[in-house]
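Here are my notes for you as you look through this model. Take the points in order, and keep the structure open beside you while you read.

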Amino acid sequence: MSSRKKPLVVVTRRLPEAIETRMRELFDAELNLDDKPMDAAALMEAVKRADVLVPTITDEIDSSILAQAGAGLRLIANFGNGVDHIDVQAALARGITVTNTPGVLTDDTADMTMALIMAVARRIPEGARLIPEDEWSGWAPTGMLGRRITGKRLGIVGMGRIGQAVARRARAFGLSIHYHNRRRLASEVEESLEATWWDSLDQMLARMDIVSVHCPHTPATYHLLSARRLKLLRPVALVVNTARGEIIDENALARLIESNEIGGAGLDVFEHEPAVNPRLVKLAKAGKVVLLPHMGSATQEGRLDMGEKVIVNIRTFMDGHRPPDRVLPSML
Ligand code: 8YV
């Protein structure tokens, strides 16, 4: 790559300093030092001049943006795993390769899923407010009672890398593992996770104590947990989502929690980020749901790993090889 002109790599958000430094060394890197999410006009300008675009989830790269792409734009190296904010089909149709950063945020997201399960079941945010707000009058036999985790049934919707990492952790917490996935896992993987496969999502939902979502957001999974499906849940059931807000009908979820038809929810992602459904906010104030600001993969180590992956994808592509993390139409 050294003898050739460095590619113009446009990065839409601030990344960890070490990654930005490395990008400056390797590429003709154009960084968004304001760190403000780019609007459509800015993105259109970016795709016109970039050889490589490094977007994040806050960039909506639809076909109208891609229609403005200059001849130079050959690669979109997404800083993140999910690519539902990119019209990948439209990119591929224009001969633009798309890559993502799978694997490196698996453990952090699975950890956060367990944290949310515990936070909702054991009312951790509610309890944590009492002492700083000077509202704790002392221990009482019926004070702050939550729900036991041990021995309960966890239903995992989407048993890819993250779903499996959640299953391994949940086993250690004494939960029994159930899952629904487009494809059943190989029997040795299923056995190692001690996981029970449910062909029917509806039937699984009706039997679970906790349901956790780990599938990608695609046209097929939009509102996969629809109002009809959410109504199948038991009144004690808790719903956890660290995947994408669009997979759950948020209004229906809020309504069913309000009417005590679902026990509660722990959500790290929302249908219209950064806006959050006011009904969910109200439920959070009432201690029925726990809301986190999309921080499932937010660790210092994870962001560095993601940045490294982006760099490897760009370098490999620029060297004329297939980048390791290509997004293929079969993944959409
Ligand atoms: C990232 C995520 O923080 O990678 C993903 O798909 O949802 C997040 O954990 C974000 O996407 C970075 O663009």
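1. Let's start with what the record says. An unreviewed UniProt entry carries the annotation "domain: D-isomer specific 2-hydroxyacid dehydrogenase NAD-binding" over residues 114-296. UniProt positions follow the numbering used here, feature names are shortened, and annotations may be inferred rather than shown by experiment.

2. A word on how to read the model. It is predicted, so local features need pLDDT of at least 70 and side-chain atom pairs count only at pLDDT 80 or more, while totals for chains, interfaces and linings use all residues. Residues are numbered from 1 along each chain as its sequence is written.

3. Now compare the make-up of the annotated stretches. Residues 114-296 are 33% helix and 15% strand, with the end C-alpha atoms 10 Å apart. For residues 18-327 the figures are 37% helix and 13% strand, and the end C-alpha atoms are 26 Å apart. Helices (H or I, at least four residues) and strands (E, at least two) are DSSP runs, numbered from the N terminus.

4. Next, the whole protein. It has 13 helices and 12 strands. Its radius of gyration, taken over C-alpha atoms, is 22 Å, close to the 20 Å that the globule rule gives for 332 residues, so the protein is as compact as a globular protein of that length. That rule is 2.2 Å times the number of residues to the power 0.38. Along its principal axes the C-alpha trace spans about 70 × 50 × 35 Å.

5. How much of the protein is buried? Buried residues make up 42% of the 332 residues. A residue is buried if 20 or more other C-beta atoms lie within 10 Å of its own, exposed if 12 or fewer, and partly exposed in between, with C-beta atoms placed from the backbone. As for contacts between residues at least 6 apart in sequence, 63% join residues at least 24 apart; a contact is a pair of C-beta atoms, placed from the backbone, within 7 Å.

6. Just after H7, Gly 174 takes a positive phi of about 80°.

7. Strand E7 holds Ile 177. Ile 177 is buried, with 21 other C-beta atoms within 10 Å. Not counting residues up to four places away in sequence, it touches several residues, including Ala 167, Ala 170 and Leu 193. Ile 177 and Leu 193 are 16 residues apart along the chain, with their C-alpha atoms separated by 7.8 Å.

8. Which residues surround the ligand? They are Thr 56, Ile 57, Phe 79, Gly 80, Asn 81, Gly 82, Leu 105, Gly 296 and Ser 297, each with its C-beta atom, placed from the backbone, within 6 Å of the molecule. This shell divides into 3 nonpolar, 6 polar and no charged residues. Here Ala, Val, Leu, Ile, Met, Phe, Trp, Tyr, Cys and Pro count as nonpolar, Asp, Glu, Lys and Arg as charged, and the others, Gly among them, as polar.

9. Is Arg 244 buried or exposed? With 24 C-beta neighbours inside 10 Å, Arg 244 counts as buried. Arg 244 lies in the loop between strand E10 (238-241) and helix H11 (250-258). Leaving aside neighbours within four places in sequence, Arg 244 is in contact with Gly 82, Asp 84, His 217 and Val 269.

10. Finally, some backbone details to look up. A cis peptide bond, with omega about 5°, joins Glu 273 and Pro 274. Asp 35 has a positive phi near 60° without being a glycine, and it counts as exposed with 11 C-beta neighbours inside 10 Å. Arg 123, also not a glycine, has a positive phi of about 55°.

Technical notes: Two residues are in contact if their C-beta atoms, placed from the backbone, lie within 7 Å.
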